Amino acid sequence: MATTVLERAAAPNGGPAPRLVKADEAAPGPASTGHHQALDAMLYAARRMGLAATERQIATLLTVAERHLVRDEGAGGEDAFPHGTMRGYRRHRRRRETACEDCRRACRLASADRRKRERVKRPQKPCGTEAAYHRHRRRWEAPCEACRTAHRTYMREYREQRERQAAAA
């Protein structure tokens, strides 16, 4: 298995995607910006430490870099970026960058709309049931006598059932 030192070279078509090549075939690329600097720094550190990598390790590193690193903004075209929408806001967040004002406004409006939508309201259980007892407790109210009686009955039956299961086991 051949080993080589990691290098970064420009893509053959002049595009922004980096490709890893052997040290002897590395050509100086254009000025590196953004995420390319991270890849350059990693490769520089590997060279400085004298780390050698197999062809397979280089291929794996390239695959990870292409999958997880974001392309330069000029490469994808800003026209394709949907600013002023929730989709645009999510794209900003995926790129770990501060969202533009239009996208933040869209997020605020979508959040306000989501809060305004009414939840599906189910009919409330009447007092004298276990559900009504817990409704009283959720609202920090003292449960009424009917709800307390229903809760005591429920708990008594629950404990008896647990004792029967423990005895059977």
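Tutor: Contact means heavy atoms within 4.5 Å of each other, while helices (H or I, at least four residues) and strands (E, at least two) are DSSP runs numbered from the N terminus. This is a predicted model, in which local features need pLDDT of at least 70 and side-chain atom pairs count only at pLDDT 80 or more, whereas totals for chains, interfaces and linings use all residues. Residues are numbered from 1 along each chain as its sequence is written, and side-chain values use heavy atoms, with hydrogens and water left out.

Student: In what order do the elements of the protein chain run from the N terminus on?
Tutor: The protein chain has seven helices and four strands. Read from the N terminus on, these elements follow the order β-β-β-α-β-α-α-α-α-α-α.

Student: What percentage of the residues in the protein chain is buried?
Tutor: A residue is buried at under 20% relative accessible area, exposed at over 50% and partly exposed in between, with a 1.4 Å probe and protein chains only. Of the 169 residues in the protein chain, the buried part is 22%.

Student: Which exposed residues does α4 carry on the face turned away from its buried side?
Tutor: Helix α4, residues 86-94, has G88, R91 and H92 as its buried residues. Seen down the axis of α4, these fall within an arc of 100 degrees (taken from the directions from the helix axis to the C-beta atoms), so they line one face of the helix. What covers them includes α5, residues 101-116. The face turned away from that buried side carries the exposed residues R87, R93 and R94.

Student: At roughly what angle do the axes of α6 and α7 cross?
Tutor: Axes are lines fitted to C-alpha atoms, for helices over the stretch in contact, with angles from 0 to 180 degrees between N-to-C directions. The axes of α6 (residues 130-138) and α7 (residues 145-168) come within 8 Å, and they cross at roughly 120 degrees.

Student: Is H136 buried or exposed?
Tutor: H136 has its place in helix α6. Leaving aside residues up to four places away in sequence, H136 touches C127, E141, A142, P143, C144 and C147. H136 and C147 are eleven residues apart in sequence, and their C-alpha atoms are 8.6 Å apart in space. Because its relative accessibility is 10%, H136 counts as buried.
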